[in-house]
Amino acid sequence: MSVMKRVSLIFRAKANKALDRMEDPRETLDYSYQQQVEMLTRVRRGVADVATSRKRVELQMNSLQKEVTRRENQARDALGKGREDLARAALQNKASLQGQLNDLQGQYATLQEQEEKLTLASQRLQAKVDAFRTKKETIKATYTAAEAQTRINEAFSGISEEMGDIGLAIQRAEDKTAQMQARAGAIDELLASGALEDHVGGQQDQIQLELDRIGAGSDIDAELAQMKGELSANAPRQIEASANGGPGTAEGTEAQAAEQPQAGDGS
Amino acid sequence: MIVRILGEGQYQLDEVEAAQLAPLDLELDSAVDRGDEAAFRTALDSAVRLVRSAGTPLPPDELAASDLILPSLDASVDDVRKLIADDGIHLG
């Protein structure tokens, strides 16, 4: 027998087994309806859980993207300062982060797809549950227990197949969500503690420290150069001033002062 | 004939369309028996496409059991074996 036929028979056998448990077939109707409503609640909760997971992954993707950009800027900064070794380290970190980001993007797509599927499934189930409720009342009002049997079987096997299908889907979604939450929790912790930096490369702090040190160093160099410029500009003028020994030197000093910053920048 | 694709819902197929599905069903069957994941994937993909494109979606408020049930597109040979082994289906 074919696979498709076998699967359909399995579903049907399950429905029949559930029906057989009931003494009065009409009892089945109320009992089944109650289960359908519970399943609807479970599916809706599933949709909400998947959406929560998806949003969380989205936030993490944003955080990781920022880190990736930061590493890229670091690498550029390091290259600008002639430190190719630091640039390399920063890019290595970036590559690790990018790997994690790609992984999250894959998860995000999966969650989005699952959310859409479950939403549609819950709409289908809702329509069937509504149809079942109507049919249930008609059957209870119109038929005796014996007469009702066939109609109940029809309605019940239709709805129970849907329940079985959705049961499988929601089980998968719940497993997936639990898995995602565990992974997302781990990444959240890493991001929050800053350990992600150490975790992916171990060198991030050194890179930034080194870059800061170079940055501070060049500021100091520039200031030193400016001071040297001021000193060398003032020295000949003082000699000049004492040689002239007359008024009018104040004007000369001002003119020199105005030129000093340029002298400093140029060195 | 009514065919369900797990996770997607039910479709109504006429005789001609159902006849097209039959050989794919056999391929699925043999792929599951041999544990041939690649052949299974090809057959399942073709079967799902055929049902989606040729079939008419059953109105959602129709309460009917399906004649055939196709695994969802992302199912593996192992998933189908579990389904057939009557494992994991709980109708509540």
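Of the 267 residues in chain A, 38% count as buried, where buried means under 20% relative accessible area, exposed means over 50%, and partly exposed lies in between, with a 1.4 Å probe and the protein chains only. Before I go on, please keep in mind that this is a predicted model, in which local features need pLDDT of at least 70 and side-chain atom pairs count only at pLDDT 80 or more, while totals for chains, interfaces and linings use all residues. Residues are numbered from 1 along each chain as its sequence is written, chains are lettered from A and ligands numbered from 1 in the order in which they are written, and side-chain values use heavy atoms, with hydrogens and water left out.

Let me start with the overall make-up of chain A, which has seven helices and zero strands, where helices (H or I, at least four residues) and strands (E, at least two) are DSSP runs numbered from the N terminus.

Now to some single residues. L59(A) sits in helix α2, residues 25-80, of chain A, and L59(A) is called exposed because its relative accessible area is 60%. Between L59(A) and L40(A), which are 19 residues apart along the chain, the C-alpha atoms are separated by 29 Å.

Helix α4 of chain A holds E174(A), and a relative accessible area of 28% is why E174(A) counts as partly exposed. E174(A) and R45(A) are 129 residues apart in sequence, yet their C-alpha atoms are 9.7 Å apart in space. E189(A) also belongs to helix α4 of chain A, and E189(A) counts as exposed because its relative accessibility is 61%. From E189(A) to A87(A), 102 residues apart along the chain, the C-alpha separation is 27 Å.

What about chain B? In its helix α3, residues 77-84, the buried residues include V77(B), V80(B), L83(B) and I84(B). They cover an arc of only 120° around the axis, and therefore lie on the same side of α3(B), the arc being that of the directions from the helix axis to the C-beta atoms. An α-helix has 3.6 residues a turn, so residues three or four places apart point the same way.

Next comes a pocket, that is, an open set of points on a 1 Å grid over the protein atoms alone, where a 1.4 Å probe fits, with protein on both sides within 12 Å along at least five of seven lines, and with lining residues having an atom within 4 Å of a point. How much space lies in the second largest pocket? About 420 Å³, a volume being the space filled by probe spheres set on the points, which are joined across faces, edges and corners. Of its 21 lining residues, the closest to the centre are Q114(A), K117(A), A169(A), R172(A) and D74(B).

Finally, K136(A) lies over the face of Y33(A), 5.0 Å from the ring centre, under the rule that NZ of Lys or CZ of Arg is within 6 Å of the ring centre and within 35 degrees of the ring normal.
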